[in-house]
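Please examine the sequence and the model before reading on.

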Amino acid sequence: MKNWLRKIAVALFGFGQIANASDIPNFAETEQEAKQGNAASQFNLGLMYYLGKGAPKDYKQAEHWFRRAAEQGDVEAQSNLGGLYYKGQGVVQDYEQAKYWFQKAAVQGFAKAQYDLGTIYFFGKGIEQDYDQAARWYEKAAEQGYLDAQYNLAIMYDNGLGVSKAPEKAFQWYRKAAEQGDNQAQYTVATRYMHGLGVQKDFKQAVQWLRRAADQENIKAQLDLGVAYHNGFGVRQDEKQALYWYRKAAEQGSSEAQYNLGVMYHYGQGVPQNQSVAKEWFSKACHNGSQQGCDAYQKLDQTGY
C-alpha cells in the first residue's frame, strides 16, 4: 500500500474524539440547568460523564445528554454523538447514525464534523466509499484551518483521489498544515522543495522545513538534515552538525543514520577517528536491516577492531 494511506489512517486515530470544554463546571449546577433544557449545560454534562471529570465515567449518560443538546442543534454535541456511534460507546456501533450526526454538524459549518464526515466517505464506513464526497468535506474543513483535513486533502490532490491530480495544490495544503506545526507535513514540504514537486526547487527552503520537523523529533527529517550538512545541500557543509543530526536519528533507530555515523567515525569526519565506535554503529545498523551496515561491520571485524 502507498504511504499516503498510512497517514490517512493516522489522522483517523482522533476520529470522533469528544470536544473538550475549557473548564469542567460544577456538576450539581450543570445537571440542574441541563434538566431545565439548557443546551450548553446538557453538552457539558455529557462531556463530564464522557471524560469522568466531575462525574463518574458513563458513556450511556454521556450519550443521553449529548443527544439532548444535539436535538437542540448544538453542533459540538452532534459531532460528539456521531463519535459515540462511530466507536460504539454507550450505544450500539452504527456508522449510518455516525454519518447522520456528523452531517448535521457539518452542514452547520463545524470543521471537526466536516473532517469526520470526509473520513467516513474516504473509508466507506457503513456507506459506499466516495472520494469525491471525502474531498468535498475535507476541503470545507481545511478552509477553516482544520489541520488533519488540510493534510489529507493534500494527499488526495497528490494522488488524484476525488479531485484532479494537482501537485501545486497538494503542496499548498501540505504547507498550510506544516505552518500549523504538523511535523509530517513539515517534512513533506521539505521534500517537495528538495525535489521541486509542486513548487520551485529550493534547497534553502528545504533545510528550513527539515529543521522545523527535526526539532519535533521527525526521524526522517533528522536523517535528511544530517545529509544536508554532510554534503552542503542548502547549507554550508558542517560535519559536526551532520554528526549531531545523524546521532539524533540514529538514537531513534534509523539504520541509515546509524550507518552514516559509523562512516563518520571510521573516517574521522567531524569527530576523532575511532574504529571501535564506528564498528558499534555499523553493528546497530546491521541489526536494523542495513546491508551496508552489515558489510561495513564485517570488514572492520576482519581488521581486528
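Predicted model: local features only at pLDDT ≥ 70, side-chain atom pairs only at ≥ 80, totals over all residues.

Guide: Residues are numbered from 1 along each chain as its sequence is written, and side-chain values use heavy atoms, leaving out hydrogens and water.

Visitor: Is glutamine 78 buried or exposed?

Guide: Glutamine 78 belongs to helix H5, residues 75-87; helices are DSSP runs (H or I, at least four residues), numbered from the N terminus. Buried means under 20% relative accessible area and exposed over 50%, with partly exposed in between (1.4 Å probe, protein chains only). Because its relative accessible area is 2%, glutamine 78 is buried.

Visitor: Which backbone nitrogen does the side chain of glutamine 78 reach?

Guide: Beyond four places in sequence, glutamine 78 touches residues including Trp101, Phe102 and Ala105, where contact means heavy atoms within 4.5 Å. At 3.4 Å, its side chain reaches the backbone nitrogen of alanine 105.

Visitor: How far apart are the end C-alpha atoms of H5?

Guide: The expected span of a helix is 1.5 Å times one less than its number of residues. The 13 residues of H5 should therefore span 18 Å, and this agrees with the distance between its end C-alpha atoms, 18 Å.

Visitor: How many of the residues of H5 are buried?

Guide: Leu81, Leu84 and Tyr85 are among the buried residues of H5. The helix is largely enclosed by the rest of the structure, because the buried residues number 10 of the 13.

Methods: Helix = DSSP H or I, 4+ residues; strand = E, 2+ residues; numbered from the N terminus. Polar contact = N/O pair within 3.5 Å; in protein donor to acceptor, adjacent residues only side chain to side chain.
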